[in-house]
Amino acid sequence: MRLEQFDRQDTAVKALKNNFDFDLDVSKLNKIQTRKMLVQFMNVIEESKKKASHDSHNNASYLKALMIAEALTQHY
């Protein structure tokens with residue numbers, strides 16, 4: 001499944017739980033908190049892309065950050 005194919009708000013949250021055993025409860029975040037977290041994760045993603053050893057398909061941290069960013073975007 002591609003991130004662009006997420007059609008419901010909780011799909012990214014469920015994918016995080018299933019693939020990384022990571023619980024993310026975005027329902028308790030207001031817009032300001034959500035935006036702040038989203039910016040932080042987008043920075044992590046960009047920094048990861050800049051690394052010479054960047055391989056998105058094999059980098060679990062990068063994929064996890066992408067899913068978190070998607071969940072935050074859907075919540076925002």
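What is the handedness of the crossing of α1 and α3? The crossing is left-handed, and the legends below place it in the context of a predicted model.

**Figure 1. Overall architecture of the predicted model.** The protein contains three helices and zero strands, and its elements follow the order α-α-α from the N terminus. Of its 76 residues, 26% count as buried. Among contacts between residues at least 6 apart in sequence, 67% join residues at least 24 apart. The mean pLDDT of the protein is 79, with 80% of residues reaching 70 or more. Confidence is lowest in α1, at a mean of 80, and highest in α2, at 89. Where pLDDT is low, the predicted coordinates should not be read in detail.

**Figure 2. Close-up of the packing of helix α1 against helix α3.** Helix α1 comprises residues 11-20 and helix α3 residues 60-75; their axes lie 8 Å apart and form an angle of about 155 degrees. Because of this angle, α1 is roughly antiparallel to α3. The two helices cross in a left-handed sense. On the α1 side, the contact is formed by Ala 12, Val 13, Ala 15, Leu 16, Asn 19 and Phe 20. The α3 side contributes Ala 60, Leu 63, Lys 64, Met 67, Ile 68, Glu 70, Ala 71 and Gln 74. By class, the residues of this contact are ten nonpolar, two polar and two charged.

**Figure 3. Close-up of the packing of helix α2 against helix α3.** The axes of α2 and α3 are 9 Å apart, at an angle of about 150 degrees. The two helices are therefore roughly antiparallel to each other, and α2 passes α3 in a left-handed crossing. From α2, the contact involves Thr 34, Met 37, Leu 38, Phe 41, Met 42, Val 44, Ile 45, Ser 48 and Lys 49. Twelve of the residues in the contact of α2 with α3 are nonpolar, four are polar and one is charged.

Figure 4. With a relative accessible area of 1%, Thr 34 is buried. Apart from neighbours within four places in sequence, Thr 34 is in contact with Leu 29, Leu 72, His 75 and Tyr 76.

Technical notes:
Residues are numbered from 1 along each chain as its sequence is written. This is a predicted model: local features need pLDDT of at least 70, side-chain atom pairs count only at pLDDT 80 or more; totals for chains, interfaces and linings use all residues. Side-chain values use heavy atoms; hydrogens and water are left out. Axes are lines fitted to C-alpha atoms, for helices over the stretch in contact, and angles run from 0 to 180 degrees between N-to-C directions. Helices (H or I, at least four residues) and strands (E, at least two) are DSSP runs, numbered from the N terminus. Angles under 35 degrees count as roughly parallel, over 145 as roughly antiparallel, 65 to 115 as roughly perpendicular and the rest as oblique. A crossing is left-handed if the near helix is turned anticlockwise from the far one by less than a right angle, and right-handed if clockwise. Contact means heavy atoms within 4.5 Å. Ala, Val, Leu, Ile, Met, Phe, Trp, Tyr, Cys and Pro count as nonpolar, Asp, Glu, Lys and Arg as charged, and the others, Gly among them, as polar. Buried means under 20% relative accessible area, exposed over 50%, partly exposed in between (1.4 Å probe, protein chains only). pLDDT is the predictor's confidence in each residue, from 0 to 100.
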